[in-house]
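Biologist: I have the sequence and the picture open, and I would like to go through them with you. Please start with any term I will need along the way.

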Amino acid sequence: MNCRHVVNSSSAYVDGELAGAEMLEIRRHLSNCRECSEEYEFVRVTKRAVARLRTVAPPEHLAASIVARLDEVSIPPFQRALNGLFRFTARKLSPVAAALAVSCVALAILTAGGQDRLLDERLDIVASAPLSVHVESASLQPQIPDTPITYSSSKPLVVADHAGGAFQLADMSIH
Amino acid sequence: MEFADTITEVARDGDRREFDTLVERYHKQAYNIAYRMAGNHADAEDLTQEAFIRAFRFFGQYRRELPFDSWLYKIMSNVFIDRLRRRPKANIRSLDAPVVTQEGEAQFDVADPCDGPEDVVLSREMDVRIQAALETLPEAFRITVIYADIEGLSYEEIADVTRTNIGTVRSRLHRGRRLLRDKLKKYADQLL
């Protein structure tokens with residue numbers, strides 16, 4: 001075990017977060033290496049100093065202020081429904097299954113509602129953007145289709161050109 | 001429909017009573033951590049309030065078998081980072097400066113009633129220096145050092161609270177303490 005490894009492990013050693021064998025190796029190294037021993041000592045002292053910082057008391061009104069503000073908190077129906085569902089599934093299912101169930105429902109709600117609106121907005125933005133491509137070579141000129149373009153799935157294909165001339169792929173496909 | 005509404009109402013009232021009790025029980029330690037993160041009373045108070053309010057919004061998703069303080073710290077870390085992103089420059093004030101509130105001045109707890117006056121003064125000076133040194137750390141390092149050394153959380157717990165892995169916690173802690181060591185080296189004899 002070299003000094004670099006010991007120095008890098010000094011914090012974990014002080015915190016007792018190393019496996020037994022490594023702890024023993026470092027302890028052995030420290031007893032024979034003055035430089036590493038000094039490094040370890042200062043890490044230990046620094047940790048102790050931070051741990052000894054005094055506890056700062058809050059203003060006396062803090063708890064009452066928080067409780068008063070809670071009265072003004074309105075939880076949206078969507079969030080309330082998720083919270084209720086989580087509470088129900090947590091009682092009936094394992095934590096992992098409960099989290100999965102809630103995620104699925106949240107995803108389903110998002111897909112059915114908000115996600116559609118987001119997608120519509122993005123379709124509008126991209127559909128209204130000029131179709132042009134910045135290219136160096138004439139042989140790579142873009143082919144502009146004669147037939148009307150419709151956007152449907154989410155595959156990236158359309159290239160939108162902005163002032164900087166950079167390529168930007170939108171989540172679209174052309175049929 | 002009315003029955004369903006009544007059930008929802010009862011559950012909400014139950015949650016609210018339970019949450020009020022948790023506010024009463026945990027607001028002091030949350031404030032202490034918030035103060036060490038933010039470095040001043042005004043921001044610590046805002047941070048504590050915001051963390052509790054955000055926790056209340058998601059209280060239905062709090063798993064009762066886990067410690068509430070760890071869950072609250074997870075939220076508080078997010079609130080702290082969000083705030084720093086919105087306001088890059090921290091508002092730093094002296095620890096000794098009294099803060100006037102509507103209820104009077106906010107004061108420190110006395111560290112140890114057995115300390116003599118000289119010890120208290122020395123401790124307060126070092127307290128200010130250590131807090132100032134903490135505030136120079138990048139926020140991810142600062143949060144990690146505070147959770148490890150003030151709250152005494154394990155690397156695994158810190159990884160959970162800060163949504164990272166144990167290797168990152170270990171690295172942040174090591175680098176954070178080295179930076180602290182550099183800042184505090186000249187006071188080494190007073191730290192012993």
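Modeller: Happy to! A crossing of two helices is right-handed if the near helix is turned clockwise from the far one by less than a right angle, and left-handed if it is turned anticlockwise. Please also keep in mind that this is a predicted model.

Biologist: Thanks. Which hand does the crossing of α3(B) and α5(B) have?

Modeller: Helix α3 covers residues 68–86 of chain B and helix α5 covers residues 139–150 of chain B. They pack at an angle of about 155°, with their axes 11 Å apart. Angles over 145 degrees count as roughly antiparallel, so α3(B) is roughly antiparallel to α5(B). With the clockwise rule above, the hand of this crossing is right-handed.

Biologist: Which residues in α5(B) does α3(B) meet there?

Modeller: By class, this contact has six nonpolar, one polar and one charged residues. From α3(B) come Tyr73(B), Ser77(B), Phe80(B), Ile81(B) and Leu84(B). Their partners in α5(B) are Glu139(B), Ile143(B) and Tyr147(B).

Biologist: How do α2(B) and α3(B) lie: parallel, antiparallel, perpendicular or oblique to each other?

Modeller: The axes of α2(B), residues 41–57, and α3(B) come within 9 Å and cross at roughly 120°. The perpendicular class runs from 65 to 115 degrees and the antiparallel class begins over 145. The crossing is right-handed, and because its angle falls between those classes, α2(B) and α3(B) are oblique.

Biologist: What classes of residue make up the contact of α2(B) with α3(B)?

Modeller: On the α2(B) side are Leu47(B), Glu50(B), Ala51(B), Arg54(B) and Ala55(B). On the α3(B) side are Leu72(B), Ile75(B), Met76(B), Val79(B) and Phe80(B). Sorted by class, the contact has no polar residues, two charged and eight nonpolar.

Biologist: Which residue of chain A is Val145(B) in contact with?

Modeller: Let us set aside the neighbours of Val145(B) within four places in sequence. The chain B contacts that remain include Leu134(B), Leu137(B), Leu173(B) and Leu180(B).

Biologist: How many residues of chain B are in contact with chain A?

Modeller: From chain A, 38 residues take part. They divide into 22 nonpolar, nine polar and seven charged, and α4(A) gives the largest share, eight residues. The number on the chain B side is 48.

Biologist: How is α4(A) oriented to α7(B), parallel or perpendicular?

Modeller: Their axes come within 10 Å and cross at roughly 90°. Phe42(A), Val43(A), Thr46(A), Lys47(A) and Ala49(A) of α4(A) make the contact with Arg177(B), Leu180(B), Arg181(B) and Leu184(B) of α7(B). An angle of 65 to 115 degrees counts as roughly perpendicular, which means that α4(A) to α7(B) is roughly perpendicular.

Biologist: Last one: is Arg163(B) buried or exposed?

Modeller: Most residues other than glycine have a negative phi. Arg163(B), though, has a positive phi of about 50°, and its place is in the loop between α6 (155–161) and α7 (166–184) of chain B. Arg163(B) has 10, so it is exposed.

Terms used
Residues numbered from 1 in each chain as written. Chains lettered and ligands numbered in written order. Predicted model: local features only at pLDDT ≥ 70, side-chain atom pairs only at ≥ 80, totals over all residues. Contact = placed C-beta atoms within 7 Å. Helix = DSSP H or I, 4+ residues; strand = E, 2+ residues; numbered from the N terminus. Nonpolar A, V, L, I, M, F, W, Y, C, P; charged D, E, K, R; others polar. Buried ≥ 20, exposed ≤ 12 C-beta atoms within 10 Å, placed from the backbone. Axes fitted to C-alpha atoms, helices over the stretch in contact; angles between N-to-C directions. Parallel < 35°, antiparallel > 145°, perpendicular 65-115°, else oblique.
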